There are 2 protein chains.
Amino acid sequence: MKKLSSTPKKDGFRMPGEFEAHEGCWMLWPERTDNWRLGAKPAQAAFVKVAEAIAEFEPVTMGVSARQYDNAVNHLPDCVRVVEMSNDDSWVRDTGATFVTNDDGVVRGVDWEFNAWGGLVDGLYFPWDQDDRVAQKICGVERKDFYKADGFVLEGGSIHVDGEGTLYTTEECLLSESRNPHLSKQEIEEKLGEYLGIEKVIWLKRGIYNDETNGHVDNIMCVVKPGTIMLAWTEDKNDPQYEISMENLKLLENETDAKGRKLEIIKMMLPKPILISKDESGGVDMVDGTLPRDEGDRLAASYINFYIANGGIVYPLFNDPNDTLAEETLRRAFPDRKLIGIEAREILLGGGNIHCITQQQPASKLSGDGTN
Amino acid sequence: MKKLSSTPKKDGFRMPGEFEAHEGCWMLWPERTDNWRLGAKPAQAAFVKVAEAIAEFEPVTMGVSARQYDNAVNHLPDCVRVVEMSNDDSWVRDTGATFVTNDDGVVRGVDWEFNAWGGLVDGLYFPWDQDDRVAQKICGVERKDFYKADGFVLEGGSIHVDGEGTLYTTEECLLSESRNPHLSKQEIEEKLGEYLGIEKVIWLKRGIYNDETNGHVDNIMCVVKPGTIMLAWTEDKNDPQYEISMENLKLLENETDAKGRKLEIIKMMLPKPILISKDESGGVDMVDGTLPRDEGDRLAASYINFYIANGGIVYPLFNDPNDTLAEETLRRAFPDRKLIGIEAREILLGGGNIHCITQQQPASKLSGDGTN
C-alpha cells in the first residue's frame with residue numbers, strides 16, 4: 001500500500017477516540033520465553049480469553065509468527081482471524097499502526113518509529129526490527145495507505161485522545177531521553193498535532209509507579225468520552241503511587257481540553273501492590289539484554305488498562321478486593337457497554353495489560369474496490 | 001476461520017473456471033537460492049512484472065517471508081498488497097487454496113495436502129511444511145472458511161476445470177506413486193468430485209516433456225471456455241513432445257465433457273526447446289535434496305502456462321519466433337481480453353511459469369460483516 005509523504009493533519013485526518021466505532025481489533029500472539037513464563041503458555045491462555053471477549057463485540061485479528069501459527073490457530077476460536085506476522089513481542093498497542101480517519105470515513109495508518117521502549121538507552125530487549133514492521137504489515141493486510149513518521153519514536157500506549165483535538169500523555173515517557181531527545185517539548189507537540197490531528201496536548205507528569213514503559217499514559221489514565229477522563233487512584237499515602245496520582249489529579253483539575261471544557265475526572269482505585277513470586281520469576285528465561293523478571297519486583301497493575309470495544313469493555317481482574325470496585329466504577333462510566341473482566345495476572349507479568357495487547361481499527365466506509 | 005468437516009459438493013459448492021470473475025490474484029515472492037539463480041534477483045524482477053501486469057485487471061496480493069518483506073515491498077508497486085507469509089517456494093498455484101463458490105456467491109477454500117511434488121519418492125525439495133500452510137493462511141487473511149482435504153495430495157496446477165462439472169488432469173501426475181498411491185483411479189475421481197463439485201474427469205496421459213511436476217496439466221492444456229480447450233503442440237516429429245501432444249489430442253478428440261459437448265481444440269505451438277545455460281546453472285546454490293539446475297537440461301517451456309485475469313491474459317514470452325504465433329493464437333481464443341506478454345525465462349528456470357505462480361480468488365458477494 002502507499003507510504004504517504006504528507007501528514008494526516010494536512011490531509012484532513014484525525015485519530016478518533018477509542019470509544020468511537022471500530023472495524024475490529026488487532027492483537028499479537030505472545031511467545032518469547034524471556035518475557036512470558038513457562039514457554040508463554042499461561043499468557044497465551046489469557047490472550048485467548050481476551051480475544052474471545054473482544055470478539056463478542058467486533059472482529060479480532062491475531063498476528064502470529066510462523067513458529068507459533070499452528071498453536072495459535074488451534075487455541076483460538078474460529079471467529080478470530082489468524083494472520084502470520086513476525087514480531088519481537090506482543091504489544092500491538094505500541095507496535096501496531098495508529099489509525100486516523102477523515103470525514104469521508106477513509107481510514108489510514110500512522111507508522112511510528114519503534115525502539116522497544118527506549119532503544120539502546122533503556123529499551124526492554126534487543127533487537128526490535130520485527131516489531132518496527134508490524135504497523136506497516138497491519139496496513140498491508142487491511143489495504144490501508146499509511147503515513148511513516150520517520151525519525152519520531154512513539155508507542156501507541158503513550159497517548160490517549162478524545163477524538164476532538166485533545167491528546168493526553170506523560171512527560172515521563174515522551175520527554176524521556178530514550179525517545180526523541182533531539183526534539184523539544186514544543187516540537188513533540190507539533191509532531192503529535194501533524195500526525196494525529198491534535199490541537200492541544202495535556203501533559204501528565206508520571207505514569208504508574210515502576211511502569212517499565214517510562215510511564216505510559218494508558219496505564220494511569222484514559223478517556224471515557226470527550227471531557228471525561230478516568231485516573232488511576234490510591235488512598236494509601238504510604239504508597240509511592242499516591243504522590244504520582246495526586247500530582248496528576250491537580251494538573252488535570254486545572255486543565256481545559258481542546259474544546260475549552262473543564263475535565264470531569266473519575267477516580268479508579270488501584271489494586272493492592274502485586275509482586276512477582278519466586279515461581280513466576282523462575283519460569284522466565286534469563287537472557288542478557290532483556291529486562292529480567294525478578295522475584296519481588298512490583299508490577300504496574302492498574303484497572304485503567306482496559307479495552308473499549310464496540311458496545312463493550314474488556315478489563316483486567318487481579319483477584320483483588322478492588323476487582324468489584326473496578327467493575328462498579330466502569331459500570332457508572334460506561335452505562336451502555338457490556339463489561340467483561342478477564343483474569344489478567346499472566347498478562348501483567350509480561351509488563352502490560354489488556355489495553356497494551358490490543359489496537360482498535362476504526363470503522364471505515366468501504367469504497368468500491370474494497371480499499372480506502 | 002472455520003475448518004469445515006463436510007465437502008464442497010455436499011454443501012453445494014463448485015470450483016469456477018479461471019475465466020469466470022475474480023476477486024483478485026495471489027502470488028508468493030521467490031527467494032530460495034537453491035532454485036532461483038543469483039539470489040533470486042532476476043526471478044523477483046520477473047515476478048514484479050507479472051504482478052504489475054495482473055494488477056491492471058484485478059487486485060494482487062503478494063505473500064512474502066519476513067526475511068524478504070522489505071525487499072518485496074520496495075520492488076513492488078503500491079497497488080500490490082504485500083502480506084507476510086512463510087513458504088518453501090513461490091508456487092502458489094500448487095500450495096495456495098483452491099477456491100470454490102456456491103450460487104449465493106459465497107467463497108470458501110480447499111486446502112489440499114501438499115508434498116512438494118512427490119514427497120520422499122520424487123519430491124523437489126525438503127522440507128515443505130511452510131508450503132503446506134499457505135492455503136490455510138490465505139483463507140485466514142481473506143476470512144474464508146475452508147475444507148481440509150486430509151490425506152489427499154493435490155497441487156492446483158495438476159487440474160483444470162470448466163466450472164460446469166468437467167475436470168482435466170493427467171495420469172502422469174495424479175496416478176503417480178508419489179501422490180496418492182493408496183487410492184485407485186476411481187477413488188481419486190470421487191475425491192475430485194467431492195472437493196470441486198466435479199461430475200466428469202477427463203484424463204490426459206502425460207504433460208509437457210521433462211516437466212518436473214510429473215506432468216501438470218496446466219503446462220500442456222487449459223480451458224478457454226466450457227467446451228473449448230487449448231493444447232500445447234509441436235509439428236516436430238523428432239521432438240519427444242510430439243508423441244505426447246498427439247496422444248493427448250487423440251484422447252480429447254474422442255471425449256465429451258460433463259455437459260456432453262464435443263471439445264473444440266485449439267493448438268498452441270510450443271517454443272523451440274530451451275536448455276539451461278552454463279551461466280544459469282552456475283547461479284544456483286547446489287544443495288543436497290533439492291532438484292539441481294544442470295547445464296543443458298531441457299526446460300518445460302509452454303505458452304499454455306498463462307494466467308486468465310478479469311479482462312486480460314498474462315502470458316509468457318520466450319524470445320522465440322513462436323512468441324508472435326502465441327499472441328495470435330491467444331487473440332483468436334480470447335478476443336475480448338487484453339493480452340500482456342512477459343519475458344518469462346527467469347520464471348521458467350525455476351521450474352514453472354506464470355500460471356504456476358498465480359492463484360485466482362473468485363469473486364464473492366460480501367455479507368454484512370465482510371466474511372462469507
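In the predicted model, Ser65(B) has a relative accessibility of 3% and therefore counts as buried, the limit being 20%. This residue is placed in the loop that runs between strand 3 (60-64) and helix 2 (69-75) of chain B. Beyond its neighbours within four places in sequence, Ser65(B) is in contact with Glu31(B), Glu84(B), Met85(B) and Asn87(B).

The arrangement of the two chains was examined next. Chain B is superposed on chain A by a rotation of 180° with 0.0 Å of shift along the axis, at an RMSD of 0.0 Å. The two copies are therefore related as by a two-fold rotation axis. Glu84(B), one of the contacts of Ser65(B), has the C-alpha nearest this axis in chain B, at 3.0 Å from it.

The contact between the chains involves 24 residues from chain B and 24 residues from chain A. Of the interface residues of chain B, 100% are also interface residues in chain A, so the copies meet through the same surface. Together the chains bury about 2,100 Å², of which 45% is on carbon and sulfur atoms. Four salt bridges are counted between chain B and chain A. In a salt bridge between the chains, the side chain of Arg133(B) meets that of Asp70(A), with an N to O distance of 2.5 Å. A charge placed over a ring also links the chains: Lys137(A) lies over the face of Tyr69(B), 4.8 Å from the ring centre.

Lys137(A) is itself among the buried residues of helix 5 of chain A. This helix spans residues 131-141, and nine of its 11 residues are buried, so the helix is largely enclosed by the rest of the structure. The buried set comprises Asp131(A), Val134(A), Ala135(A), Gln136(A), Lys137(A), Ile138(A), Cys139(A), Gly140(A) and Val141(A). Just after the helix, Arg143(A) adopts a positive phi of about 55°.

Trp112(B) belongs to strand 6 (residues 107-113) and Tyr195(B) to helix 7 (residues 185-196) of chain B, so the pair ties together parts that lie 83 residues apart in sequence. Both Trp112(B) and Tyr195(B) are buried. In chain A, one aromatic cluster is formed by Trp36(A), Phe47(A) and Trp91(A). A further charge over a ring occurs within chain A, where Lys267(A) lies over the face of Trp233(A) at 4.3 Å from the ring centre.

Over all chains, the structure holds 52 salt bridges. In chain A, the side chains of Glu155(A) and Arg179(A) form one of them, at 2.7 Å from N to O. Glu155(A) is situated in the loop between strand 7 (146-153) and strand 8 (160-161), and Arg179(A) in the loop between helix 6 (171-174) and helix 7 (185-196), so this pair ties together parts that are 24 residues apart in sequence. Glu155(A) and Arg179(A) are both buried.

In chain B, Lys205(B) forms a salt bridge with Glu171(B), and the closest N and O atoms are 3.2 Å apart. Lys205(B) lies in the loop between strand 10 (200-204) and strand 11 (221-225), whereas Glu171(B) lies in helix 6 (residues 171-174), so the pair ties together parts that are 34 residues apart in sequence.

Glu212(B) is partly exposed, with a relative accessible area of 21%, whereas Arg293(B) counts as buried at 9% relative accessibility. In chain A, Asp162(A), Glu164(A), Asp257(A) and Arg261(A) are joined into one network by salt bridges that share partners.

Notes
Residues numbered from 1 in each chain as written. Chains lettered and ligands numbered in written order. Predicted model: local features only at pLDDT ≥ 70, side-chain atom pairs only at ≥ 80, totals over all residues. Heavy atoms only, no water. Least-squares fit on C-alpha atoms with pLDDT ≥ 70 in both. Contact = heavy atoms within 4.5 Å. Helix = DSSP H or I, 4+ residues; strand = E, 2+ residues; numbered from the N terminus. Buried < 20%, exposed > 50% of the residue type's maximum accessible area, 1.4 Å probe, protein only. Phe/Tyr/Trp six-rings, centres within 6.5 Å; stacked < 30°, edge-to-face > 60°. Lys NZ or Arg CZ within 6 Å of the ring centre and 35° of its normal. Buried area = accessible area lost by both parts, 1.4 Å probe.
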